Amino acid sequence: MARIKFDLQELQAFVAVAERSSFRAAADDLHLSQPALSRRIEKLETLLGARLLERTTRRVALTQVGRVFLERSRAALDELESAILGVDDLAGQLSGLVTVACVPSAAYYFLPSVLREFAARHPRIRVRVIDEGANAVLNAVTSGRADFGINFVGTQDAEVDFRAIFKESFVLAVRNDHPLAGRKNLMWDELAGERFMTVAKESGNRLLIDVALAKAGKRAMSAFEVSHILTLLGMVEAGLGVAAVPQLALPLTTHPTLVGVPLSRPRVSRTLGLIVRRGRPLSPAARVLYTLLKDAGRAARG
């Protein structure tokens with residue numbers, strides 16, 4: 001039987017283009033020029049004697065042969081990564097890309113410490129973080145743009161598996177010179193006289209607050225609405241008002257200017273979880289990062 005000789009880099013190039021449906025995006029992922037990437041794909045197709053990709057001016061699509069070859073290429077790359085990860089002396093030499101989609105509040109405080117440990121163990125694996133809102137994170141995972149995600153929505157989605165890692169309550173973010181900053185606890189009724197700020201209605205965090213307050217027969221009137229929690233915290237820091245934010249967005253003891261005061265009656269909380277697309281196994285490199293995040297969430301709960 002004739003042997004077909006091609007490089008691992010050519011397989012990686014094909015998988016990158018297939019998953020991103022774009023030569024430009026795949027070239028960015030692999031730190032290649034588009035012409036260099038195209039040459040790798042053309043060489044692979046020549047060696048196989050079959051076209052793997054259909055190219056148009058707007059998009060890239062897999063041929064029937066390409067769809068079959070993609071699954072086999074992923075399996076081959078995963079098997080190779082598993083073999084390397086199983087050898088301690090070589091694990092640090094593993095290279096590749098892991099893409100994680102993450103809601104911004106978790107990306108800001110929870111994710112960096114885990115990535116620091118991951119980078120120390122696997123310095124040649126690159127990590128891309130898609131830090132977007134909850135719906136965008138869910139879409140990134142279901143569409144295959146991300147290997148997995150960190151989100152608080154997805155428990156009811158038939159396309160993903162949701163593994164809870166951390167339950168957090170909402171706290172009131174105030175400046176440390178605000179009269180409420182020294183309180184150990186606050187009830188929502190006590191915010192009636194404050195200039196309350198919130199994220200927009202399209203936000204998953206806003207939905208959690210609105211539903212909880214509606215069930216309790218309460219209503220929060222907002223003076224300002226923004227799109228992102230980090231913008232909201234900047235406005236609180238500027239003295240424009242107060243805001244309810246997830247605990248991870250504002251650690252209770254480490255921020256130099258802001259203080260988080262627990263809120264009750266009702267207690268509003270959310271459960272962060274790791275989400276993966278159902279039926280799509282993680283690559284060995286992605287699985288290592290997934291496990292580190294799962295363990296970090298367990299430690300945070302403790």
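Two strands are said to pair if DSSP finds at least two bridges between them. Helices (H or I, at least four residues) and strands (E, at least two) are DSSP runs, numbered from the N terminus. The model is predicted, so local features need pLDDT of at least 70 and side-chain atom pairs count only at pLDDT 80 or more, while totals for chains, interfaces and linings use all residues. Residues are numbered from 1 along each chain as its sequence is written, and side-chain values use heavy atoms, leaving out hydrogens and water.

**View 1. Strand β3 and its partners.** Strand β3 covers residues 96-102, and five of its seven residues are buried (buried means under 20% relative accessible area, exposed over 50%, and partly exposed in between, with a 1.4 Å probe and protein chains only). With strand β4 (residues 125-131), β3 pairs in the parallel sense over seven bridges; Leu97 has Arg126 in β4 as its bridge partner. With strand β5 (residues 148-151), β3 pairs in the parallel sense over three bridges. Here Phe148 of β5 stands opposite Val100.

**View 2. The largest nonpolar core.** A nonpolar core is a set of buried Ala, Val, Leu, Ile, Met, Phe, Trp, Tyr and Cys residues joined through side-chain atoms within 4.5 Å. The largest one has 39 residues, and those touching the most other members are Val98, Ala106, Phe148, Ile150, Leu272, Leu289 and Leu293. Helix α11 (residues 284-301) gives the most to this core, contributing seven residues. When residues up to four places away in sequence are not counted, Leu293 touches Phe110, Leu111, Val114, Phe148, Ile150, Ile165 and Leu274 (contact means heavy atoms within 4.5 Å). In soluble globular proteins, nonpolar side chains tend to be buried together.

**View 3. Aromatic pairs.** Rings of Phe, Tyr and Trp (its six-membered ring) pair if their centres lie within 6.5 Å; planes under 30 degrees apart count as stacked, over 60 as edge-to-face and the rest as tilted. The whole structure holds three aromatic pairs. One of them, Phe14 with Phe69, is tilted, at 5.5 Å centre to centre and 45° between the planes. This pair links distant parts of the chain, since Phe14 lies in helix α1 (residues 8-20) and Phe69 in helix α4 (residues 64-85), 55 residues apart. Both Phe14 and Phe69 are buried. The rings of Phe148 and Tyr290 have centres 5.5 Å apart and planes at 80°, so this pair is edge-to-face. Phe148 in strand β5 and Tyr290 in helix α11 are 142 residues apart in the chain, and both are buried.

**View 4. Helix α1.** Among the residues of α1, Glu10, Leu11, Ala13, Phe14, Val15, Ala16, Val17 and Ala18 are buried. Just after this helix, Ser21 takes a positive phi of about 55°.

**View 5. The loop holding His228.** His228 is found in the loop between β9 (224-226) and α10 (229-237). The relative accessible area of His228 is 47%, so this residue is partly exposed. Although 123 residues separate His228 from Ser105 along the chain, their C-alpha atoms are 9.1 Å apart.
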